[in-house]
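Hi everyone, thanks for coming. I'd like to walk you through one model today, going from the overall fold down to a few side chains. Let me put it on the screen.

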Amino acid sequence: MTQPSLTERRKAATQLDIARAAAALFAEQGPDATTAEAIAGQAGVALRTFYRYFRSKQDAVGPLLSGGAERWRALLEAAEPGPLPAVLERAVAEALSVPDEHAAEQFGWTRGLLRAAQDDPALRAVWYRVNQESEEKLLPVLTRLAGPGADSLEVRLAAAAATDAIRIALEEWAATDAPVSGAGSPAELAIRCLRELTGGIRLLAH
């Protein structure tokens with residue numbers, strides 16, 4: 001895999017700084033009371049820099065919401081082909097684990113944003129777009145893992161089911177005060193959702 005250039009890494013870091021500033025302001029005062037100018041100021045960038053990267057204040061949190069999906073996809077890209085249900089479950093468990101304070105903080109951002117999205121259609125649209133893009137990027141990864149001869153329709157169904165399993169698990173978890181690990185955690189809920197949603201897909205039959 002080609003490593004990102006220094007310019008690309010700097011761009012990603014700036015986007016993440018803006019995303020964290022937006023999430024903090026959304027949590028403090030809500031999306032309605034938050035302006036793009038305030039987000040730019042909080043992130044320490046010019047307003048024109050904000051609009052260079054994002055179309056709207058809600059769009060600015062996309063990098064935070066997509067971070068988990070990118071981690072999960074990277075784990076699958078590094079995985080060796082094998083029984084797909086087991087490969088998916090291992091990747092889900094690792095991607096949604098909380099090995100350190102940084103990971104716990106990321107889950108805190110996600111919970112706050114998903115709660116805010118309940119009353120903000122534009123923020124919900126960003127969340128749905130992030131998941132749709134994740135599903136599309138997952139297709140070639142699952143195609144490789146499924147091996148030659150795999151039914152393309154079943155691979156598409158697997159990508160959709162796996163993406164929705166994580167989305168639904170995070171939404172359910174965010175609506176509660178459940179912990180980030182153990183019973184009721186994102187990882188536990190996602191594996192449960194994954195098994196329920198993939199039960200009828202031959203490619204993912206246990």
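So, what is it built from? The protein has nine helices and zero strands, where helices (H or I, at least four residues) and strands (E, at least two) are DSSP runs numbered from the N terminus. Read from the N terminus, the elements go α-α-α-α-α-α-α-α-α. The radius of gyration is 18 Å, close to the 17 Å from the globule rule for 206 residues, so the protein is as compact as a globular protein of that length.

Before we zoom in, some housekeeping. This is a predicted model, in which local features need pLDDT of at least 70 and side-chain atom pairs count only at pLDDT 80 or more, while totals for chains, interfaces and linings use all residues. Residues are numbered from 1 along each chain as its sequence is written, and side-chain values use heavy atoms, with hydrogens and water left out.

The C-alpha trace spans about 50 × 40 × 30 Å along its principal axes. Of the 206 residues, 43% count as buried; buried means under 20% relative accessible area, exposed means over 50%, and partly exposed is in between, with a 1.4 Å probe and protein chains only. The accessible surface comes to about 11000 Å², and carbon and sulfur atoms hold 52% of that. Those areas come from the Shrake-Rupley method with a 1.4 Å probe, and for residues only the protein chains shown count as cover.

Alanine 23 sits in helix H1, residues 6-29, and is buried at 3% relative accessibility. Leaving out residues up to four places away in sequence, alanine 23 touches Val61, Leu64, Trp109 and Leu113. Going back along the chain, serine 5 is 18 residues from alanine 23 in sequence and 27 Å away in space, C-alpha to C-alpha. Serine 56, by contrast, is 33 residues from alanine 23 along the chain, with 13 Å between the C-alpha atoms. Serine 56 lies in the loop between H3 and H4 and is partly exposed, at 26% relative accessible area.

On to charges. The protein has 22 positive and 27 negative side chains, and the centres of the two sets are 5 Å apart. Here Lys and Arg count as positive and Asp and Glu as negative, with His and the chain ends not counted; each charge is placed at NZ of Lys, CZ of Arg, CG of Asp or CD of Glu.

How many salt bridges are there? The count is eight, taking a salt bridge as a side-chain nitrogen of Lys or Arg within 4 Å of a carboxyl oxygen of Asp or Glu.

Which residues form a network of salt bridges? Arg55, Asp59, Arg129 and Glu133 are linked in one. Within that group, aspartate 59 pairs with arginine 129, with 2.6 Å between the closest N and O atoms. This pair joins distant parts of the chain, 70 residues apart: aspartate 59 is in the loop between helix H3 (47-53) and helix H4 (62-78), and arginine 129 is in helix H7, residues 121-146. Aspartate 59 is buried at 9% relative accessibility, while arginine 129 is partly exposed at 28%.

Arginine 129 also bridges to glutamate 133, where the closest N and O atoms are 3.5 Å apart. These two are four residues apart in helix H7, so about one helical turn separates them. Glutamate 133 is partly exposed, at 34% relative accessibility. Also in helix H7 is glutamine 132, partly exposed at 38%.

One last pair. Arginine 167 and glutamate 171 form a salt bridge with closest N and O atoms 3.2 Å apart. Both are in helix H8, residues 152-174, four residues apart, about one turn of the helix. Arginine 167 is buried at 17% relative accessible area, and glutamate 171 is partly exposed at 24%.

How values were computed. The radius of gyration is taken over C-alpha atoms; the globule rule is 2.2 Å times the number of residues to the power 0.38. Contact means heavy atoms within 4.5 Å.
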